[in-house]
Amino acid sequence: MAWISFPGLKPTYFVKEALFSIASAIGKPLHLDQATINKTRPSCARVKVQVDLLSNFPKHVEMEIINEHTKESRLEHVKIQYDMLPKYCMNCKVQGHAKEECRGLHPELKQENTTENYAEDIDKKTGENTNNDTRKKRVTHNN
Ligand SMILES: [Zn+2]
């Protein structure tokens with residue numbers, strides 16, 4: 001579950017149908033936030049979506065707008081912002097830490113004296129992650 005925002009979206013698209021159809025490019029739209037429904041924050045529309053953490057998160061969505069009267073269509077780019085995206089590690093296939101913070105991928109992180117809880121969580125989980133070696137081979141690096 002994640003909130004996505006459309007900063008600078010035209011007020012014309014501040015309707016549930018339009019916002020949901022843009023949001024469906026990212027995931028399954030669930031609902032709008034209260035300020036978006038009430039149009040009390042015209043600067044930014046927000047939609048809660050169910051996302052697949054394994055998928056890519058585009059920064060823009062191309063929206064095809066069809067004029068009901070002229071039947072003309074045009075493309076508009078909508079900027080997407082992600083709020084509170086849960087951290088997900090592609091390497092360990094677990095939530096709680098990002099790939100960038102993964103101690104399996106970055107052994108040097110083990111040396112750091114970190115006070116964050118995720119490091120502790122990983123230690124507790126190491127028993128379950130005995131298949132790490134085989135899983136690693138399936139990881140595709142696209143950065
Ligand atoms: Zn990891």
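Author: What follows goes from confidence to strands, helix, core and single residues.

Reader: What kind of model is this, and how are its residues numbered?

Author: This is a predicted model, in which local features need pLDDT of at least 70, side-chain atom pairs count only at pLDDT 80 or more, and totals for chains, interfaces and linings use all residues. Residues are numbered from 1 along each chain as its sequence is written.

Reader: How do you know which parts to trust, and where is confidence lowest and highest?

Author: The score is pLDDT, the predictor's confidence in each residue, from 0 to 100. The protein has an average of 77, and 76% of the residues score at least 70. Confidence is highest in E2, at 95, and lowest in helix H4 (residues 132–137), at a mean of 32. Over residues 117–143 pLDDT stays under 50. Where pLDDT is low, the predicted coordinates should not be read in detail.

Reader: What counts as a helix or a strand, and how many of each are there?

Author: Both are DSSP runs numbered from the N terminus: helices are H or I with at least four residues, strands are E with at least two. By that rule the protein has four helices and eight strands. Their order from the N terminus is β-α-β-α-β-β-β-β-β-β-α-α.

Reader: What makes E1 and E6 a pair?

Author: Two strands pair if DSSP finds at least two bridges between them. Strand E1 (residues 2–7) and E6 are joined by three bridges, so they qualify, and they run antiparallel.

Reader: Why are E2 and E6 called edge strands?

Author: The open sheet has four strands in the order E2-E3-E1-E6, with antiparallel pairing. Strand E2 (28–32) and strand E6 (81–83) each pair on one side only, and that is what the label records. Neighbouring strands in this sheet are turned by 35° against each other on average, direction ignored. Such angles are taken between axes, which are lines fitted to C-alpha atoms (for helices over the stretch in contact), and run from 0 to 180 degrees between N-to-C directions.

Reader: What holds for E4 and E5, and what lies in their turn?

Author: Strand E4 (residues 60–66) and strand E5 (residues 73–79) are joined by seven bridges and run antiparallel. Glutamate 64 is opposite leucine 75 of E5. The two strands form a hairpin with six residues between them, and lysine 71 in the turn has a positive phi of about 65°.

Reader: Why is E4 described as hardly covered?

Author: A residue is buried if 20 or more other C-beta atoms lie within 10 Å of its own, exposed if 12 or fewer, and partly exposed in between, with C-beta atoms placed from the backbone. Among the seven residues of E4, the count of buried residues is zero. Across the protein's 143 residues, 12% count as buried.

Reader: What makes a set of residues a nonpolar core, and which is the largest here?

Author: The term means buried Ala, Val, Leu, Ile, Met, Phe, Trp, Tyr and Cys residues joined through C-beta atoms within 7 Å. The largest such core has ten residues: Ile4, Phe6, Leu9, Leu19, Ile22, Ala23, Ile26, Ala45, Val47 and Val78. The largest share, three residues, comes from H1.

Reader: Which residues does isoleucine 26 touch?

Author: Contact requires C-beta atoms, placed from the backbone, within 7 Å. Leaving out residues up to four places away in sequence, isoleucine 26 touches Ile4, Val49, Val51, Phe57 and Ile80.

Reader: Why is lysine 39 called exposed, but lysine 93 partly exposed?

Author: Lysine 39 has 11 other C-beta atoms within 10 Å, so it is exposed. Lysine 93 has 15, so it is partly exposed. Lysine 39 sits in the loop between helix H2 (34–37) and E3, and lysine 93 in the loop between strand E7 (88–89) and strand E8 (94–95).

Methods: Two residues are in contact if their C-beta atoms, placed from the backbone, lie within 7 Å.
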